[in-house]
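These are my notebook entries on a single structure. I set down what I looked up, in order.

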Amino acid sequence: MKHLFLLFAFLPFLLTAQEDLKYLEGAVPVENGRVVFSQDIKVPSLSQNEVFETALNWAQQRFNNDECRVVYQNRDKGELAAAGKEYIVFSSTVLSLDRSKMSYQVLVYCKDQLCTIKLTNIRYEYNVAYQREPEKYVAEEWITDENAIYKGKLNRISGKFRRKTIDFADELFANAQNAFGQQALQAQAVNPTPAAKAETAPAKEDKPAVQPVAPLGTPAGFTQMAASNIPNTLKQLLPESDMRIKMADNNLNESQAEWKGISTLFGKEIASFSADANSAFCKGVKEGEIYTIQFSKKPFAQDAVWMILECKMQGLTPDGNNQTVIGEIINVWVK
């Protein structure tokens, strides 16, 4: 009877310890210094185009508001990306709500019979009662083994971020897996054999090649730097500046654009801005073409330009009545 009593007394602690194993050492993967949760979804019956179509449909349903949306898609390469910002809730009662806003990026790689989904670029904004501004953390400095685990246990504060982020990744991947599972069943019903599938596969439409434009030379009075080395202090000045977008080889310019920011996408430094979908620029720009984004003190003046980003157009993403233009940064000049 005594042993039975001790078993029941320690049962809650044993269950808690068992549950925590999911969140302990090795639960937050790090690739090249970045936190990257990754999931491979195998779909033997689907071609790359079918994998991409399924992934795109899933992403457009999963990320479907102003703060969570698909920001890039390239069917030929089988790549798409989504950016999100939503709350993770640590505890909720009638009297209190403990939560943090988490921003993140989802990268999707599509191949024949395989879809790889990666969750990365995770940031947190956490409001605390004794501060006017939220505390800001990055996953690499907050939820890794080194920062969230001490003597085999989760730290009290960073540990709860780690736990909820792992749960978020699991739910995200499970949601995608379910979407692919349904699509795979439908594909098998329509195409019972690989031979039948090959006979009915539509021919791939050849797109006219875009002739690459040679990068510009260094403008007079400017200093060149790598996109990855732009200081945060300069990045913070960009939204407060006036900007103009100019094509390198024609007169397609854009003055009514909204700056979206600099980020990393599929290993490339990316600059994004939003413009009217019916503007001459959005209708005329082609993938692979070169343009510059020029930042000036307000009001815009050519002699007041202090930073120039030279970009190669990567894609357009619908954003209400606008289009978000995504370009790979190939040169940066600062005055």
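This is a predicted model: local features need pLDDT of at least 70, side-chain atom pairs count only at pLDDT 80 or more; totals for chains, interfaces and linings use all residues.

How far apart are the end C-alpha atoms of helix H2 (residues 48–62), and what span should its 15 residues have? At 1.5 Å a residue, H2 should span 21 Å, and its end C-alpha atoms are 21 Å apart, which agrees. I then listed the buried residues of H2: Val 51, Phe 52, Thr 54, Ala 55, Leu 56, Trp 58 and Ala 59.

Next I turned to salt bridges. My search of the whole structure returned 11. One of them joins Arg 34 to Glu 140, with the closest N and O atoms 3.4 Å apart. Arg 34 lies in strand S2 and Glu 140 in the loop between strand S9 and helix H3, so this pair ties together parts that are 106 residues apart in sequence. I noted Arg 34 as partly exposed at 30% relative accessible area, whereas Glu 140 is buried at 17%.

I also looked up Arg 162, whose salt bridge with Asp 145 has its closest N and O atoms 2.8 Å apart. This pair ties helix H4 to helix H3, the two residues being 17 apart in sequence. Arg 162 counts as buried at 0% relative accessibility; Asp 145 is partly exposed at 22%.

Last, I checked Glu 289, in the loop between helix H7 and strand S17. Glu 289 is buried yet has no salt bridge, and the nearest side chain of opposite charge, Lys 286, is 5.8 Å away. I did find the backbone nitrogen of Lys 286 at 2.9 Å from a polar atom of the Glu 289 side chain.

Terms used. Residues are numbered from 1 along each chain as its sequence is written. Side-chain values use heavy atoms; hydrogens and water are left out. Helices (H or I, at least four residues) and strands (E, at least two) are DSSP runs, numbered from the N terminus. The expected span of a helix is 1.5 Å times one less than its number of residues. Buried means under 20% relative accessible area, exposed over 50%, partly exposed in between (1.4 Å probe, protein chains only). Lys and Arg count as positive and Asp and Glu as negative; His and the chain ends are not counted. A salt bridge is a side-chain nitrogen of Lys or Arg within 4 Å of a carboxyl oxygen of Asp or Glu. A polar contact is a pair of N or O atoms within 3.5 Å; within protein, one must be able to donate a hydrogen and the other to accept it, and residues adjacent in sequence count only if both atoms are side-chain atoms.
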